[in-house]
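Me: Hi! Could you walk me through this model? I'd like to look at a few spots in turn.

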Amino acid sequence: MDVTPPLMLHALVVFIFILICIIVYLVYSFVSREETIARMKAQQDKLLSSFNELDEQAKLIVRTDLELHKTREEMDKRLNGLNALQRTSRQMSQALNESEIFQKISPSLFGDLGFSRILIACINDNNLLKVRLNIGYKDSRADAILKEFESEETLKGLTAALSLNNCPTKTRERIIQIFESDHFILAPVTAQTGAIGFVFAGYGFNAPAMTQGDEELITILAGQIGQSIENARLFEKVFLSSQHLELKVAERTKQLATALQKVNEISRKKSEFISAVSHELRTPLTSIKGYASILIAGKIGDVPAAVKERLSKINTHSDNLVSLINNLLDIARIESNRQEMKFALYKIKSMVDNVADLLAPQMTAKGIKLQQRLCTEVENIYVDASQVERVFINLLGNAIKFTPAQGTVTIGVSPALDEGFAVLSVSDTGIGIPAAEIQKLFNEFFRVDNEINQNVKGTGLGLVLAKNIVAAHHGKIWVESTVGTGTIFYFTLPASQKAFEERINLEKNYAA
Ligand code: ADP
């Protein structure tokens, strides 16, 4: 059979074509796989480097976190330390003596700050350096440290805090040797007089390094100790001088009390003498006055007019003398508490009206107007009415006497109450009293040298009597005056029995 050659050829061509296609496909797929592998490798490298970067960053974060943690711990420690220090400072500043200051420093303060060795030493009154606080050293070792410290010239003159960081090598070695601690802060305790001690704070050998915060805290503590010692010393000084002063005051008070007793005794004797003399004078005076009256009345025979005139002068002078003697007797009686006082509640208004009636003729004669300025808040006074009327009569009599015609005299009761005491006053528009004389006004027999006194008789006892009567009521009397304008006398009297008794108790307590 014959096969047609073109068909064979065709089949061969198709076969070859298919083969070529397969080869091409195989070549192509091989080439593209290599490319993919290369691409994947590149990506893998990229991923690796990213991973490395991330790893670095993670490490950095961990490192930063650790540092932050450390800083936070340091901050916490410092904050705790500061709080503890603030508490201690507050307590130290309240201490009144030196040993109390150190009792206020709690060892836990240093525990909070993390120190294991603390030695605080200060010089005492005898100028000797003494251990005030010791943590972590045996007593014998602490004493030995002080001895070495005293003999070490550089340390004796310590003026600023020393630490491992700022210490010259030689000094550092000495400190490490003396205090057996290679991480330390040594701060001076200073007062006005200079360094008076030191605060040492440290760890044992091979301890963690000291921070700047630790240094600051110990320096603050040392400063606070110095300040508190200074305060305590000042307090002691003030306390001692106040004690000394108190003793002096007590001594002086005793002397004054003795002097007052003597004065009272002399005054009592004077009163007794005046009483005795006045009594002795009053009897013959009464006789003189009696005889003069008999003679004037012509009971013994006719008396010529000229003799009569002299006799009536004797009578007037005798009257003046009797009134002077009566005043003296009254003063002496009140001063020596022999005057019986009849205290009761009286209406001020009716008392003032009585006195005004009594002196109305004198006022009318001079054309003097009387004003009453009584207040409604204080209507009554708890007094011996007859005695207080004498005060009013004396003051009002003087006001009329020393006020020119047509003047005004005013009786007032001030609404102001001096611890239950009414403030009464008698004022005038008269000649006034020179400032230099005011001090002497309440002295016996004192009279201002003026025209009125030269012409009008007076005893110089009226104000003394008024003062004594007011004093017997436990009140006060004083005067304000301006020459040419007028005078005002004030005096205080109890407004109630309660106020009167309270004042007596107060004076008793004061005297005791
Ligand atoms: P006397 O009135 O008898 O002189 P007093 O003791 O009453 O004695 O007064 C003493 C002196 O005080 C008076 O002499 C007078 O100089 C002065 N004096 C008292 N009251 C007044 C007054 N209201 N105005 C001016 N001087 C006065």
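**Strands, ligand and helices**

Reply: Happy to. Let's begin with strand 10, residues 421-428, which is mostly covered: eight of its eight residues are buried. Keep in mind that this is a predicted model.

Me: Which way do the residues of strand 10 point?

Reply: Phe-421, Val-423, Ser-425 and Ser-427 point one way, while Ala-422, Leu-424, Val-426 and Asp-428 point the other way, and all are buried. In a regular strand, side chains alternate between the two faces of the sheet.

Me: How many bridges join strand 10 to strand 12?

Reply: Seven bridges link strand 10 with strand 12 (residues 486-494), and the two run antiparallel. As an example of a pair, Val-426 has Phe-489 of strand 12 as its bridge partner.

Me: OK, now the ligand. What surrounds it?

Reply: There are 20 residues around the ligand, and the closest are Asn-398, Asp-428, Arg-447, Asn-453 and Leu-463. Asp-428 also belongs to strand 10, where it is among the buried residues.

Me: Which polar atoms come up to the ligand's oxygen atoms?

Reply: In the side chain of Arg-447, an N or O atom is 2.7 Å from an oxygen atom of the ligand. Leu-463 has a polar backbone atom 2.8 Å from a ligand oxygen, and a backbone N or O atom of Gly-460 lies 3.2 Å from an oxygen of the ligand. As for cover, the ligand on its own has 530 Å² of accessible area, and the protein covers 97% of that.

Me: Leu-463 is in helix 13, I think. Why is helix 13 described as largely enclosed?

Reply: Helix 13 spans residues 462-472, and eight of its 11 residues are buried, so the rest of the structure largely encloses it. Leu-463 is one of those buried residues, along with Gly-462, Val-464, Leu-465, Ala-466, Asn-468, Ile-469 and Val-470.

Me: What covers them?

Reply: The cover includes helix 8 (305-335), helix 10 (385-401), strand 11 (477-482) and strand 12. Strand 12 is also the antiparallel partner of strand 10. After helix 13 comes His-474, whose phi is positive, near 65°.

Me: Let's go to helix 8, then. Is Asp-330 buried or exposed?

Reply: Asp-330, which lies in helix 8, is buried, with a relative accessible area of 9%. Its side chain makes a polar contact of 2.7 Å with the side chain of Arg-333. Leaving aside neighbours within four places in sequence, Asp-330 is in contact with Arg-390 and Leu-465, and Leu-465 is a buried residue of helix 13.

Me: And what about Asn-315, what does it touch?

Reply: Asn-315 is in helix 8 too. Not counting residues up to four places away in sequence, Asn-315 touches Lys-289, Ser-293 and Ile-296. With Lys-289 there is a polar contact between side chains, at 3.4 Å. Asn-315 is buried, at 16% relative accessible area.

Me: Changing topic: how many disulfides are there?

Reply: The count comes to zero disulfides.

Me: Are Cys-122 and Cys-375 buried or exposed?

Reply: Cys-122 counts as buried at 1% relative accessibility, and Cys-375 is buried with a relative accessible area of 12%.

Conventions: Residues numbered from 1 in each chain as written. Predicted model: local features only at pLDDT ≥ 70, side-chain atom pairs only at ≥ 80, totals over all residues. Heavy atoms only, no water. Buried < 20%, exposed > 50% of the residue type's maximum accessible area, 1.4 Å probe, protein only. Helix = DSSP H or I, 4+ residues; strand = E, 2+ residues; numbered from the N terminus. Pairing = 2+ DSSP bridges. Disulfide = S-S within 2.5 Å. Near = heavy atom within 4 Å. Polar contact = N/O pair within 3.5 Å; in protein donor to acceptor, adjacent residues only side chain to side chain. Areas by Shrake-Rupley, 256 points an atom, 1.4 Å probe, with all protein chains shown as cover. Contact = heavy atoms within 4.5 Å.
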